[in-house]
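Welcome! Open your viewer, get your selection tool ready, and follow the stops below one at a time.

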Amino acid sequence: MTPCRVLSQCSLFKLNLVKLKLTIIGLGYLGATTAVAFAKLGHEVIGIDPDTSKIELLKQGKLPFYEPGLDSALVEVVEAGNISFSTEHTSTSSSADIHMICVGTPQGPDGSSADTKYLYSALDSLIPFLDEDAVIVGKSTVPVGTAAQIRNYLEAKLSFTPHIAWNPEFLREGTALKDTLEPDRIVIGVDDSWSEKLLRLLYKDITDTGVPFISCDIPTSELVKVAANSFLATKISFINAIAEVAEVAGADTVKLAEAIGYDERIGNKFLRNGIGFGGGCLPKDIRAFMARANELGVGHSVAFLNEVEAINLRRRARVLEIAQEELGDLSNRRVAILGAAFKPETDDIRDSPAIAVAEQFWMAGAHVVVHDPKALNNVRRAFPQIETQPTLELAVSNADLVVVATEWNEYREAKPAELAKLVANRLVIDGRNTLDASLWQQASWQIIALGRNLERIPVLV
Ligand code: UGA
C-alpha cells in the first residue's frame, strides 16, 4: 500500500485535509498550467512529458511557451519543491493518487476527427505503474465515448478494473492560470465513489471559495467540453454573420453587439466580430464534434457547425476582398500584418486567423510583412517564407496597407499620426475592431473595420 493510501485510512483524509500526489501527463498549455496550478494548491505534482528539451526548461523553472503569470508561478512551485519533472514515469509514479492525462488530441489525418493516439501512448506508459487505488483522470478534450473505450483497452491489459474519471478543462490561453485557480465551474464525470472522493479533495481549496462543482456521468462530462466550445464558436460566427449583413446594409456590428449584449439572456461576451476564431481548440473541436456525431448517426443534429465554420473562414477572406476593392491588384504591394497569434497574450499561432490572412495576401502576390509582440519565433519556424519585423514601426515602413489581425494592446495604443509618417499609403483594415477609428481618421488614415460603416462615425476635432 502506498503512503497516500495509508493516509486514506486516517483521520486527516476523513477531514479532507490531505494533499494529494499527482502525475500530470502531457505538459503543453493545458498540462503545464494544470501542473503548476495543483502544485500552487499544495499538492505534490510530477509532470511527465517525453519531450526532453521541454522537461529541461521546466526543471529550470522556464516555460516552453508564453503565458502571462504562469512563468513566475512555475518558479514559485519549483522553489517550493512541490513539483518535479521527468520524461518518463519512475517508481514514484506508483504512489500517485491521481494520474491526470493532459495530452493533445489534435485533428486526425482525415481533417476532422480527433486523433487520440497520444492518449493511448500515455496510457501504455502508465500501465506498469497502475494499481487498484489510483484514479486515471482525463482532462484532454475527447470525442464522447472515449473514456469507455479507454476502460475496455485497459481492462484487457490489467488484472483489475481501473478507476477512470473525466474532468474537462475550460482554461483560455492568455488567462490560463487564473482560469484554472478561479474557474467558473468544475465538472467531473465519475462512475465510482472513490474517484469522486479524490477529485473533491483535489479541488477542495477551490470549491471552498464557492466555485460550483458539477458531478455527472462520464459521457456527459466529455460532451460538456465540446458543447461549450461549440457554443462559443457559434456565438462568434453568429456575430460575424450579422457583420456580413451589416456591411451590406450600412449598419454597425459593434454597436449592435453592445445593444443585444445588455440582454442578460444573450450576454456581451464572445460577441466581438472580426476575422473570427482560431487557435488549437475551437476550430478543431467543432470539426471533431461533427465527426463524432456522424459516427453516432446524429450528424444532422450538429450540421449547423458546418455553417459556423464556413462563416469563420469567410471572415478571414473578407480582409483580402476589401484590400482588392481598395487597391486593385496586390502584386508587390507592401502589406503589414499586425499580429500573428490567434489572440492576444499568447504566442500560439495554431490555426491563427492572422496567419491565414497573411498567407492569403502572400498568395495574392503581395509583399507581406508580419509583426507580433510575442509570436514571431513561431512564425519564423512555421512560415519561413513570410518576412517578419521585430517592431511595429519597421513592419509598417513603406506599407501600402496595414492590417490589424490580432488585438494586442500595442496596436490599440499605437500613435496613428506617428505611423502615418512611415507608410506609403494611409490605409488600415481593422480586422479585430480594436482601433479607435476617430483617432486614426484624425491622423488622415482611411480606416475600414470589419462589420462597420465608419463613414457614419463623426470625426472628432
Ligand atoms: C477556448 C475556450 O474559450 C476555453 O474555454 C477552452 O478551455 C479552450 O478553448 C480549450 O478548449 O482548451 P482559447 O482557445 O484559449 O480557449 O481561446 P478563446 O479565448 O476561446 O478564443 C478563441 C478564438 O476566438 C480567438 O481566435 C479569438 O480571437 C476569437 N474570438 C473570441 C473572437 O473572434 N471574438 C470573440 O468575441 C471572442
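This is a predicted model: local features need pLDDT of at least 70, side-chain atom pairs count only at pLDDT 80 or more; totals for chains, interfaces and linings use all residues.

Select the 21 residues around the ligand, then highlight L171, E173, N229, R272 and F342, which come nearest.

Now go to G278, where a backbone N or O atom is 3.1 Å from a ligand oxygen atom. How much of the ligand's accessible area does the protein cover? On its own the ligand has 710 Å² of accessible area, and the protein covers 93% of that.

Now switch to a cartoon view and select helix 11 (218-249) and helix 13 (282-295), the elements that give two or more residues to the shell around the ligand. Helix 11 gives the most, with four residues.

For the last stop, select the cysteines. How many disulfides does the structure hold? There are zero. Pick C216: the nearest cysteine sulfur belongs to C102 and is 18 Å away, whereas a disulfide needs the two sulfur atoms within 2.5 Å. C216 is buried, because its relative accessible area of 16% is under 20%. Then click on C281, which is in no disulfide either; the nearest cysteine sulfur, again that of C102, is 13 Å away. C281 is partly exposed, with a relative accessible area of 35%.

Key: Residues are numbered from 1 along each chain as its sequence is written. Side-chain values use heavy atoms; hydrogens and water are left out. Buried means under 20% relative accessible area, exposed over 50%, partly exposed in between (1.4 Å probe, protein chains only). A residue is near a molecule or strand if one of its heavy atoms lies within 4 Å of it. A polar contact is a pair of N or O atoms within 3.5 Å; within protein, one must be able to donate a hydrogen and the other to accept it, and residues adjacent in sequence count only if both atoms are side-chain atoms. Accessible areas come from the Shrake-Rupley method with a 1.4 Å probe; for residues, only the protein chains shown count as cover.
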